Amino acid sequence: MDKKIVEKIKNNPAYQELITKRSKFAWTLAILMLVVYYAFIMTIAFSPSTLGISMGGITTIGIPVGIFIIIFAFVLTGIYTKRANSEFDDLVKKVKDDVKGDLE
C-alpha cells in the first residue's frame with residue numbers, strides 16, 4: 001500500500017473515531033467476560049461447595065452457572081457482531097469513500 005494512502009487513512013477523522021470506538025467497545029466486552037469467567041473460577045477455587053449445592057436432583061448449581069457463562073459469551077459475541085456490522089462498517093465505508101475521493 002502506498003505510504004500516501006496510509007497517511008490519509010491515519011489522518012482521517014472517521015478512522016480515528018472508528019479506532020477509538022471499536023477499541024473502547026471491545027475492551028468493555030472483554031472486561032465483562034473476564035469478570036464473569038474469573039468470578040466463576042474464584043468461586044471454584046475458594047468456595048467449591050457453593051457450586052456443589054444440589055438443585056433437587058442430580059444437578060448442582062454449577063451446571064446452570066456454567067451454561068450461563070457459555071451463553072453469556074455467545075451473547076457478547078452477538079452484541080459485538082451487531083455493532084460491528086452497523087456502526088463500525090458505516091465508519092469503514094466513510095473512511096474508504098473519503099480516501100477514494102481524495103485520490104481521484
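At 38% relative accessibility, Y37 counts as partly exposed, a class lying between buried (under 20% relative accessible area) and exposed (over 50%), computed with a 1.4 Å probe on protein chains only. The structure is a predicted model, in which local features need pLDDT of at least 70 and side-chain atom pairs count only at pLDDT 80 or more, whereas totals for chains, interfaces and linings use all residues. Residues are numbered from 1 along each chain as its sequence is written, and side-chain values use heavy atoms, with hydrogens and water left out.

**Confidence**

- The mean pLDDT of the protein is 92, and 96% of its residues reach 70 or more; pLDDT is the predictor's confidence in each residue, on a scale from 0 to 100.
- Among the elements of the protein, helix 2 has the highest mean pLDDT (95), and helix 1 has the lowest (86).
- Helices are DSSP runs of H or I with at least four residues, numbered from the N terminus.

**Aromatic residues**

- Rings of Phe, Tyr and Trp (its six-membered ring) form a pair if their centres lie within 6.5 Å; planes under 30 degrees apart count as stacked, over 60 as edge-to-face, and the rest as tilted.
- By this rule, the count comes to five aromatic pairs.
- The pair of Y37 and Y38 is edge-to-face, because the ring centres are 5.5 Å apart and the planes stand at 80 degrees.
- Y38, like Y37, counts as partly exposed, with a relative accessibility of 46%.
- One aromatic cluster is formed by F25, Y80 and F88.
- R83 lies over the face of F25, at 4.3 Å from the ring centre; a charge sits over a ring if NZ of Lys or CZ of Arg is within 6 Å of the ring centre and within 35 degrees of the ring normal.

- Helix 2 has 34 residues and reaches 48 Å from its first C-alpha to its last, close to the expected 50 Å; the expected span is 1.5 Å times one less than the number of residues.
- The buried residues in helix 2 include A14, L18, F25, L29, V36 and F40.
- N12 is found in the loop between helix 1 (3-11) and helix 2 (13-46).
- N12 caps the N-terminal end of helix 2, with a side-chain oxygen 2.7 Å from the backbone nitrogen of A14.
- N12 counts as buried, because its relative accessibility is 7%.
- The side chain of N12 also makes a polar contact of 3.3 Å with the side chain of D98. A polar contact is a pair of N or O atoms within 3.5 Å; within protein, one must be able to donate a hydrogen and the other to accept it, and residues adjacent in sequence count only if both atoms are side-chain atoms.
- Leaving aside neighbours within four places in sequence, N12 is in contact (heavy atoms within 4.5 Å) with V95, D98 and V99.

**K21 and its partners**

- K21 has its place in helix 2 and is partly exposed, with a relative accessible area of 31%.
- The side chains of K21 and E87 are joined by a polar contact of 3.1 Å.
- K21 and E87 are 66 residues apart in sequence, and their C-alpha atoms are 9.5 Å apart in space.
- Apart from neighbours within four places in sequence, K21 is in contact with R83, E87, F88 and L91.

**Positions in helix 4**

- V92 lies in helix 4 and is partly exposed, with a relative accessible area of 30%.
- V92 and Y15 are 77 residues apart in sequence, yet 7.2 Å apart in space, C-alpha to C-alpha.
- A73 is also placed in helix 4 (residues 62-103), and counts as partly exposed at 28% relative accessibility.

How values were computed: Helix = DSSP H or I, 4+ residues; strand = E, 2+ residues; numbered from the N terminus.
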